[in-house]
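Hi there,

Here is the structure I promised to pass on to you. Have a look at it first, and then read on for what turned up in it.

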Amino acid sequence: MKNEKYEKIVQKHRPTEHRVNNSLIAFLVGGSVGALGEVLIQVFCMCFHVSRTEASVFMIITLIFFAALFTALGFFDKWVTFGKCGLLIPITGFAHSMMSASLEYKREGLVTGIGTNAFKLAGTVIVYGVVSAWIFGIIRLLIGGGLV
Amino acid sequence: MIKIFYSFLFCGAVCLIAQLILDNTKLTPGHITSIFVVFGSFLDVFNIYDMIVEVVGGGAMVPITSFGHQLIHGGLAKTVSMGPLGMIMGMFDLTASGISAAIIFSFFFTLIFKPRN
């Protein structure tokens with residue numbers, strides 16, 4: 001009986017420590033990805049003499065490129081199990097989900113495998129993004145009268 | 001230089017919130033990214049996310065919330081010339097680069113590399 005009580009107390013206290021650890025890692029990893037994005041924008045601005053808008057497009061493409069490449073090479077999955085939301089919430093998570101879905105179904109063929117399943121995980125983001133953007137856009141048009 | 005620090009803080013904070021939701025509820029990462037996209041487009045209704053992007057810079061463009069922000073922003077920019085129809089026509093104007101890049105890279109990398117697990 002005492003052992004059981006002890007076990008319960010241990011069980012109660014164990015996950016919270018993990019949670020603190022997890023969120024700390026997510027903060028640091030996610031923050032580094034964000035800082036890397038800003039650094040890339042400034043580097044592109046300086047090296048190629050482009051505007052900030054173009055540089056941000058280059059930055060997003062670069063991040064997607066490396067996320068897809070590292071997923072294909074196989075070690076991005078290990079990073080995700082370590083960094084968790086720090087890597088899933090930035091745009092790298094979007095590329096990672098598309099890449100891993102299409103890799104997983106590769107053996108089922110080009111059309112029925114890759115083509116059908118590429119958006120299996122990433123599709124939810126696009127569906128809810130478009131639906132919510134449309135609804136909020138209409139609300140904005142009705143209330144604020146469009147872009148100021 | 002200060003923008004890099006702000007980027008670190010903002011992107012880290014977004015990921016921290018996501019991690020807290022993931023750990024304390026039964027939602028999967030798919031749910032959380034969907035919620036964040038909806039939240040990002042909601043923040044743009046009153047130009048809040050625009051202000052964040054101006055202050056923070058690149059750090060605000062990296063998280064998935066900026067995806068929703070760019071969807072609604074492209075649509076609203078098109079409504080100036082097209083009226084309410086522009087909301088549908090211009091929806092993907094700004095995000096097209098990210099989605100196209102993800103599709104192209106993932107397709108060709110899938111052809112080149114073998115799945116390993």
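Let me begin with an open space: by class, the lining of the second largest pocket has seven nonpolar, six polar and no charged residues. Please keep in mind throughout that this is a predicted model. The volume of this second largest pocket is about 240 Å³. Its lining is made of 13 residues, and those nearest its centre are A:Gly93, A:Ser97, B:Pro29, B:Gly30 and B:Thr33. Two or more residues of that lining come from each of α5 and α7 of chain A and α2 of chain B. The element that gives the most is α5(A), with four residues.

Now for the largest pocket. How much space lies in it? About 430 Å³. It is lined by 18 residues, and A:Thr53, A:Ser56, B:Val53, B:Met61 and B:Gln70 are the closest to its centre. The elements that supply two or more lining residues are α2 (52-73) of chain A, along with α3 (48-56), α4 (58-61) and α5 of chain B. Here α2(A) gives the most, with five residues. In this lining, six residues are nonpolar, eight are polar and four are charged.

From chain A, its lining has A:Ile60, A:Ile91 and A:Phe94. From chain B, the lining has B:Met61, B:Ser66, B:Phe67, B:Gln70, B:Leu94, B:Thr95, B:Ser97, B:Gly98 and B:Ile99. At least two lining residues come from each of α5 of chain A, α5 of chain B and α7 of chain B. The classes here are seven nonpolar, five polar and no charged residues.

Helix α7 of chain A runs over residues 123-144, which makes 22 residues. From its first C-alpha to its last it reaches 30 Å, close to the 32 Å expected at 1.5 Å a residue. Its buried residues are A:Gly123, A:Val125, A:Ile126, A:Gly129, A:Ser132, A:Ala133, A:Phe136, A:Gly137 and A:Arg140. What lies over them? The cover of the buried residues of α7(A) includes α5 (91-104) of chain A, and from chain B it includes α2 (29-43), α5 (65-82), α6 (86-89) and α7 (96-112).

Helix α6 of chain A covers residues 110-117, and its buried residues are A:Gly113, A:Ile114 and A:Asn117. An α-helix has 3.6 residues a turn, so residues three or four places apart point the same way. On the face of α6(A) turned away from the buried side you will find the exposed residues A:Leu110, A:Val111, A:Thr112, A:Gly115 and A:Thr116. The cover over the buried residues of α6(A) includes α5 of chain A and α7 of chain B.

- A:Phe48 belongs to helix α1 (residues 2-48) of chain A. It is exposed, with a relative accessible area of 52%. The C-alpha atoms of A:Phe48 and A:Lys2 are separated by 69 Å, and the two residues are 46 residues apart along the chain.
- A:His49 is in the loop between α1 and α2 of chain A. Its phi is positive, about 55 degrees, although it is not a glycine. Is A:His49 buried or exposed? It is exposed, at 68% relative accessible area.
- B:Asn47 is in the loop between α2 and α3 of chain B. This residue, other than glycine, also has a positive phi, near 65 degrees. Its relative accessibility is 25%, so it counts as partly exposed.
- A:Thr92 is part of helix α5 of chain A. With 6% relative accessibility, A:Thr92 counts as buried. Apart from neighbours within four places in sequence, it is in contact with A:Leu63, A:Ala67, A:Phe76 and A:Leu87.

Enjoy exploring it!

Terms used:
Residues are numbered from 1 along each chain as its sequence is written. Chains are lettered from A and ligands numbered from 1 in the order in which they are written. This is a predicted model: local features need pLDDT of at least 70, side-chain atom pairs count only at pLDDT 80 or more; totals for chains, interfaces and linings use all residues. Side-chain values use heavy atoms; hydrogens and water are left out. The expected span of a helix is 1.5 Å times one less than its number of residues. Buried means under 20% relative accessible area, exposed over 50%, partly exposed in between (1.4 Å probe, protein chains only). Contact means heavy atoms within 4.5 Å. On a 1 Å grid over the protein atoms alone, a cavity is a set of points where a 1.4 Å probe fits but cannot get out, and a pocket is an open set with protein on both sides within 12 Å along at least five of seven lines; lining residues have an atom within 4 Å of a point. Grid points are joined across faces, edges and corners, and a volume is the space filled by probe spheres set on the points. Ala, Val, Leu, Ile, Met, Phe, Trp, Tyr, Cys and Pro count as nonpolar, Asp, Glu, Lys and Arg as charged, and the others, Gly among them, as polar.
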